[in-house]
Amino acid sequence: MDEKTGRYEFANLDFRREQRTGMGETVYCPGKTCAQLADIIRAFQDVGKSVLCTKATAEQMTYVGDRIQCLECDPVSGVIRYSAGARSRLPGRVAVCTGGTADIPVAEEAALTVDFFGAAADRYYDIGVAGIHRLFSKLESIRSADVVIAVAGMEGALGSVISGLVSVPVVAVPTSVGYGASFSGLAPLLSMLNSCAEGMAVVNIDNGFGAAVMACRIIRSAKRIGEV
């Protein structure tokens with residue numbers, strides 16, 4: 001690797017992303033060999049930078065975990081985290097909600113990303129519309145968050161319901177959970193995009209990471225406005 005540029009033959013690493021955007025580089029693991037992923041993580045360690053890796057396979061986690069110290073590997077979400085020192089914290093909370101238990105892997109990707117980038121993540125799992133009393137029992141706590149991430153498959157109704165009940169921004173994440181006519185997440189994606197409830201943004205299918213970054217940027221912007 002070229003230490004000045006972060007360039008490999010297979011990757012061009014961005015060590016300055018945090019200086020530009022406030023959030024460091026994240027590595028998308030699919031399509032990378034185990035050895036390539038290990039080289040990338042080591043490069044960030046060598047320059048004293050934290051790095052987040054998403055959608056890692058069990059094989060990738062085992063490989064890098066056996067060879068690199070100080071990694072946090074979460075098999076549920078496929079998230080690998082390396083922290084170079086203490087993380088700075090954001091003064092905000094994100095409520096991460098799921099429609100069902102099957103949505104938890106995507107929700108955990110969101111929650112671990114939120115935590116990695118400095119905000120607190122509160123988890124409210126399996127509170128979907130099939131038993132909507134479960135949502136109502138947690139509603140006051142969810143309302144106290146600064147941003148809500150609503151993760152749901154099937155028909156994707158959770159985001160719309162929550163958006164109609166809270167006063168804070170909602171980021172909806174459609175998941176590929178569902179029977180055949182859900183088309184691997186396309187049905188909840190379209191439902192969320194066509195939501196009647198205002199105040200809800202929608203990210204791509206299974207993109208818990210993208211929802212978490214949006215939530216953290218909302219909190220960062222609110223903090224900056226408060227300091228003016």
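Tutor: Let's start with Arg42, which forms a salt bridge with Asp39, their closest N and O atoms being 3.3 Å apart. By salt bridge I mean a side-chain nitrogen of Lys or Arg within 4 Å of a carboxyl oxygen of Asp or Glu. Before going on, keep in mind that this is a predicted model, where local features need pLDDT of at least 70 and side-chain atom pairs count only at pLDDT 80 or more, while totals for chains, interfaces and linings use all residues. Residues are numbered from 1 along each chain as its sequence is written, and side-chain values use heavy atoms, with hydrogens and water left out.

Back to the pair. Arg42 and Asp39 both sit in helix 2 (residues 34–46), and because they are three residues apart there, about one helical turn separates them. Helices (H or I, at least four residues) and strands (E, at least two) are DSSP runs, numbered from the N terminus. Arg42 is partly exposed at 31% relative accessible area, and Asp39 is also partly exposed, at 28%. The cut-offs are under 20% for buried, over 50% for exposed and partly exposed in between, with a 1.4 Å probe and protein chains only.

A search of the whole structure turns up nine salt bridges. Side chains of opposite charge can pair when their charged atoms come close. One of these bridges joins Arg81 to Asp115, with the closest N and O atoms 2.9 Å apart. That pair links distant parts of the chain, since Arg81 is in strand 4 and Asp115 in helix 4, 34 residues apart. Arg81 is buried, at 8% relative accessibility, whereas Asp115 is partly exposed at 24%.

Another salt bridge brings together the side chains of Arg93 and Asp122, at 2.4 Å from N to O. Arg93 lies in strand 5 (residues 93–98) and Asp122 in strand 6, so this bridge ties together parts that are 29 residues apart in sequence. Both ends are partly exposed: Arg93 has a relative accessible area of 25%, and Asp122 has 22%.

Helix 4 (residues 104–116) lies across strand 2, strand 3 and strand 4 (79–82), and runs at about 10 degrees to strand 4. Contact here means heavy atoms within 4.5 Å; axes are lines fitted to C-alpha atoms, for helices over the stretch in contact, and angles run from 0 to 180 degrees between N-to-C directions.

As for the sheet, four strands make it up: it is open, with mixed pairing, in the order 1-2-4-3. Strand 1 (26–28) and strand 3 (71–74) are the edges; each has a single partner strand, so one side of each has no neighbour in the sheet. On average, neighbouring strands are turned by 15 degrees against each other, direction ignored. Two strands count as paired if DSSP finds at least two bridges between them, and strand 1 and strand 2 (residues 51–54) pair in the parallel sense over three bridges.

Zoom in on Thr26 of strand 1. Thr26 stands opposite Leu52 in strand 2 and is buried at 16% relative accessibility. Leaving aside residues up to four places away in sequence, Thr26 touches Arg17, Leu52, Thr54, Phe117 and Phe209.

The loops deserve a stop too. Most residues other than glycine have a negative phi, and most peptide bonds are trans. Asp126 has a positive phi, near 60 degrees, and sits in the loop between strand 6 (120–124) and helix 5 (133–143). Met154 also has a positive phi, near 50 degrees, in the loop between strand 7 (147–152) and helix 6 (158–163). Asp126 is partly exposed at 30%, as is Met154 at 39%.

Met154 leads us to Val177, which touches Ala102, Asp103, Gly153, Met154 and Ser182, not counting residues up to four places away in sequence. Val177 belongs to the loop between strand 8 and helix 7 and is partly exposed at 23%.
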